[in-house]
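User: Could you walk me through how to read a few features of a structure like this one? I'd like the general idea before each case.

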Amino acid sequence: MTGIAEESRAEGAEEPRVEVAPVRPGEELDWDALQIYLRAHIDGLHGEFSVLQFPRGSANLTYRVAFGDRLLVVRRPPFGQIARGAHDMTREHRVLSRLYRAYDRAPRALLHCADTDVVGAEFFVSEYREGVVVWDEIPDSMAHHADAGRRIGFAVVDALADLHAVDPASCDLADLGRPEGYLERQVAGWSARWDAVAEYAPGRDVADLVEEVGRRIRADIPASRRAGIVHNDYKVDNCQFPHGDPDRVKSVFDWDMATTGDVLVDLGTLLNYWPDRTVEPASDTAFIVVPGMHALDLPSRAEIVERYAAGSDLDLSRIDWYEAFGCWKTVVILQQLYARFVRGETTDPRMGQRGEFVAPLARRALGLLPA
């Protein structure tokens, strides 16, 4: 179809630094069916239809579609087997069609399609926002700012604290989840997800290591202090900034696991992804972060906890458990992505490398937990 940007990229090529790129081979959708559906369900779509892909994500497939000058975002689950409760487009649409009322960093969802005949899976459409995501270097538009990395880091934490201050009832999300027993259900759910992909572990010793982490996590679940909206995958590269402004997050992405529950889970997840300058990047227990993040000069992990604590009355004495839980969840996610590659459900070469990080991240989680 005229206007569709689908040129192939060589497998194994360096990850692009651009915001959008031609659609990755094997991740094309039925573009005719998609544009017909969107024109029929969203008012004011005129002009030539074209598609590019957001290439940096690892799981859900996210595309920027254009109708002339109007840009929208289309998001659907990955191809292949989907873990129960994962890649929940219905949930993400529900959250983003309401949360924007109370939290202006949430892009507004415009449409949900449950008809899997259109593009092969359910999907949703949201507004497109112009901005920049910080991956592995300070964006050129921010390079002139003093201490840009530190300011970016504090802005990310401040955006998280602001999310946790939102009353779910204020935006009709009071029944998004069940806060009572939240941690126990989370631990049980991630244990089940690991069991479903454990056979793809690179060796019995690696599987045993991950299962020992799970045992210690289950043995020492803390009492939850406060319920609120939990993003469940909060990290620097899920935040978008205005061009040239390192001091405030403009948008937060990837809400398909959002719920209401113990908000400290988000802080633990953020710490799990946060680079630690006291640990060598090549260390066996190095943090699993985007290559290059160590050079951003972000605040230290201790400063991140301190910044969050300054705006909260929560007891953070058990934050090591929450960070270990974040590590363990990431281990399971990495194993799920690697399993999809082994089963031939994706041709993305990055997914074939995800299994390499399972053991070192599990060892770091063990170091945060009592024996």
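**Reading burial, contacts and cavities**

Analyst: Happy to! Let's begin with contacts: leaving aside neighbours within four places in sequence, His-87 is in contact with Ala-59, Asn-60, Pro-77, Pro-78, Ile-82 and Asp-256. Keep in mind that this is a predicted model.

User: Where is His-87 placed, and is His-87 buried or exposed?

Analyst: His-87 sits in the loop between β3 (70-76) and α2 (89-96). Its relative accessibility is 16%, and buried means under 20%, so His-87 counts as buried. There is also a polar contact of 2.9 Å between the side chains of His-87 and Asn-60.

User: Which residues does Leu-296 touch, not counting those up to four places away in sequence?

Analyst: Leu-296 touches Val-134, Trp-135, Asp-136, Glu-137, Ile-138 and Gly-149. Leu-296 and Asp-136 are 160 residues apart along the chain, yet their C-alpha atoms are separated by 7.2 Å. Leu-296 belongs to the loop between α6 (264-273) and α7 (301-310), and with 4% relative accessibility it counts as buried.

User: And how should I read cavities?

Analyst: Rolling a probe the size of a water molecule over the atoms shows where empty space is left. Here, there are two cavities of 30 Å³ or more.

User: What lines the second largest cavity?

Analyst: Its lining is Asn-232, Asp-233, Thr-269, Tyr-273, Gly-326, Lys-329, Thr-330 and Ile-333. By class, that is two nonpolar, four polar and two charged residues. α6 and α8 (319-342) each supply at least two of the lining residues, and α8 gives the largest share, four residues.

How values were computed. Residues numbered from 1 in each chain as written. Predicted model: local features only at pLDDT ≥ 70, side-chain atom pairs only at ≥ 80, totals over all residues. Heavy atoms only, no water. Buried < 20%, exposed > 50% of the residue type's maximum accessible area, 1.4 Å probe, protein only. Contact = heavy atoms within 4.5 Å. Polar contact = N/O pair within 3.5 Å; in protein donor to acceptor, adjacent residues only side chain to side chain. 1 Å grid on protein atoms, 1.4 Å probe; cavity = no way out; pocket = protein on both sides within 12 Å on 5 of 7 lines; lining within 4 Å. Points joined across faces, edges and corners; volume = space filled by probe spheres on them. Nonpolar A, V, L, I, M, F, W, Y, C, P; charged D, E, K, R; others polar.
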